[in-house]
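Welcome! Here is a short briefing to read alongside the sequence and the 3D view.

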Amino acid sequence: MECDPTRVCELLVGLPAVCVLGVVDEHDAPIVVHVETRDARPWCASCAGGVVIKDRPSVELVDLPCFGRPARLMWRKRRWACRNASCTIGSWTEDVPAIAASRLVMTDRAGRWVTEQVGRHGRTVNEVALELGCDWHTVNDTVIAYGTALIDDDVDRIGAPTALGLDETLFVRVGPRRHQSWSTSIVDVRGGRLLDVVPGRSSVEPCRWLAARSDEWRARIAWATLDLSGPYRSVFDTMLPDAVQVADPFHVVKLANQKLDECRRRVQNETLGHRGRKNDPLYRSRRLLTRADERLDNNGRTKLLGLLAAGDPRGEVRMAWHAKEVVRSIYDHHDPHLAYEFVERLGADLQDETSPIEVRSLGRTLRRWRDQIAAWHRGHVSNGPTEAANNLIKRVKRIAFGFTRFRNYRIRVLLYAGKPNWDLLATITPR
Ligand SMILES: [Zn+2]
């Protein structure tokens, strides 16, 4: 078999439009493949006259690893100038997107590969950068460029959900004060898909996002789930007035547990004059109190009652504990109508003047949200899938230190948890 070394090399490099000028292989350095394009000479875009090569600047592109080693493509780009002296076009550099997008310092094929490694498989930018022998920013910029196209240029990605959830997520802590920034996840709660994340946890950005959808799209949303937050309620009141609002059970029970905790800490302080210490009975009871009743065995229950007898002289913590268990029992109901009556009566009972203040506050919240709480019994939609999406978001945050820019955070999260159509990766144009 005859073997033309240049031809073999070009086959290995695998880019149809280039000639290989040479390969430099030095110890402890990436393999460098020098190439130039062999496209025909263009015509001037302005006057349609002939052009000349002005010079050939080289650009170094990070490429896919080659034979297990980092590789670079050194592309001698042709810079053209118009021959016609009166033409105003100036000079321009050739652009071959099949080799690399003009703004990026990575080859197109490596760009698609890193996007999948980081975005889909959740590998860290650091790890991938190490494999390619390049810096963190090169990989990150490339993932964001391809990822933005995959997320935002795919008009079908958002689909046509019938149940929408809003949920707050801590987005990043940056700076010396570890500032808390919040974001809002917008989730298709039936399909379990993260549709988008927007900055903040006020009503502004979710409203803007919903306003950007069509009337038809919004009209299809029959259920809207939320935590017990006023801003999200106002988003739904304004933008999805016909959707039935459902308070997420997880957050309702969480609130009851929070109130129980507040009550325990207050009574602790009032009876012993200091915050909980290792041997204080109420401090020792804290985990038993928030545990679900059916998960307390006899020993646990006996121990808890003993600790309360010792540390809760007016029985306030005990009342808050019972209140929490009764709130949990809301979800044992099957009949939506009875559930509504139960929540309404419970809200009133808890506000009794003999109740500790934390329990009264819980009662007021239940009254205020009784429609949304009882609506769960009709729709059985919950933020469960939203919580799942949030867990994925947390994973993305763990593997990426300090997202300082919301835009990057959003793309990384949506690549990982937003179920983009990865089939499109081969055909998208990076932004
Ligand atoms: Zn010209």
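Predicted model: local features only at pLDDT ≥ 70, side-chain atom pairs only at ≥ 80, totals over all residues.

## A first look

Arg79 faces Thr93, a residue of strand S7.

**Confidence**

- Averaged over the protein chain, pLDDT is 90, and 93% of the residues reach 70 or more.
- Helix H5, residues 204-211, has the highest confidence in the chain, at 98.
- At the other end stands helix H16, residues 384-399, where confidence is lowest, with a mean of 67.

**The four-stranded sheet**

- Another open sheet has four strands in the order S1-S2-S5-S4, with mixed pairing.
- S4 pairs with strand S5 (residues 69-76) in the antiparallel sense, over seven bridges.
- Two places to look at in this part of the sheet are Glu60, which stands opposite Met74 in S5, and Asp63, which stands opposite Ala71 in S5.
- Helix H3 (residues 125-132) packs on the sheet and touches S4 and S5. The direction of helix H3 makes about 100° with that of S4.
- The hairpin of S4 and S5 has two residues between the strands, and Phe67 in this hairpin takes a positive phi near 50°.
- S2 and S5 run parallel and are joined by six bridges. Val35 stands opposite Trp75 in S5.
- As background, the strands of a sheet pair through backbone hydrogen bonds, in either a parallel or an antiparallel way.

**The zinc site**

- Which protein atoms are the donors of the zinc ion? They are the SG atoms of Cys44, Cys47, Cys82 and Cys87, which lie 2.2 to 2.4 Å from the ion.
- Along the chain, these donors follow the spacing C-x2-C-x34-C-x4-C.
- The angles that the four donor atoms subtend around the zinc ion are 97 to 113°, and therefore the arrangement is tetrahedral. For that label, all angles have to lie between 85 and 135 degrees.
- Is Cys44 buried or exposed? Cys44 is buried, because its relative accessible area is 4%, and buried means under 20%.
- Cys47, another of the donors, counts as partly exposed because its relative accessibility is 32%.

**Two residues with positive phi**

- Ala48 is a residue other than glycine with a positive phi, near 65°.
- Where is Ala48 found? Ala48 lies in the loop between strand S2 (31-37) and S3.
- With a relative accessible area of 54%, Ala48 is exposed, since exposed means over 50%.
- Lys419 also has a positive phi, near 45°, and is a residue other than glycine.
- Lys419 sits in the segment after helix H17 (406-417) and counts as exposed, at 51% relative accessibility.

- Arg370 is found in helix H15, which covers residues 370-379.
- Its relative accessible area is 24%, so Arg370 is partly exposed.
- Leaving aside residues up to four places away in sequence, Arg370 touches Tyr340, Val343 and Glu344.
- How many residues apart in sequence are Arg370 and Glu344? They are 26 residues apart in sequence, with 6.2 Å between them in space, C-alpha to C-alpha.

Notes. Residues numbered from 1 in each chain as written. Heavy atoms only, no water. pLDDT = per-residue confidence, 0-100. Pairing = 2+ DSSP bridges. Contact = heavy atoms within 4.5 Å. Axes fitted to C-alpha atoms, helices over the stretch in contact; angles between N-to-C directions. Donors = N, O, S within 2.8 Å, 3.2 Å for Na, K, Ca; no water. Tetrahedral: all angles 85-135°; square planar, octahedral: opposite > 155°, others 65-115°. Buried < 20%, exposed > 50% of the residue type's maximum accessible area, 1.4 Å probe, protein only.
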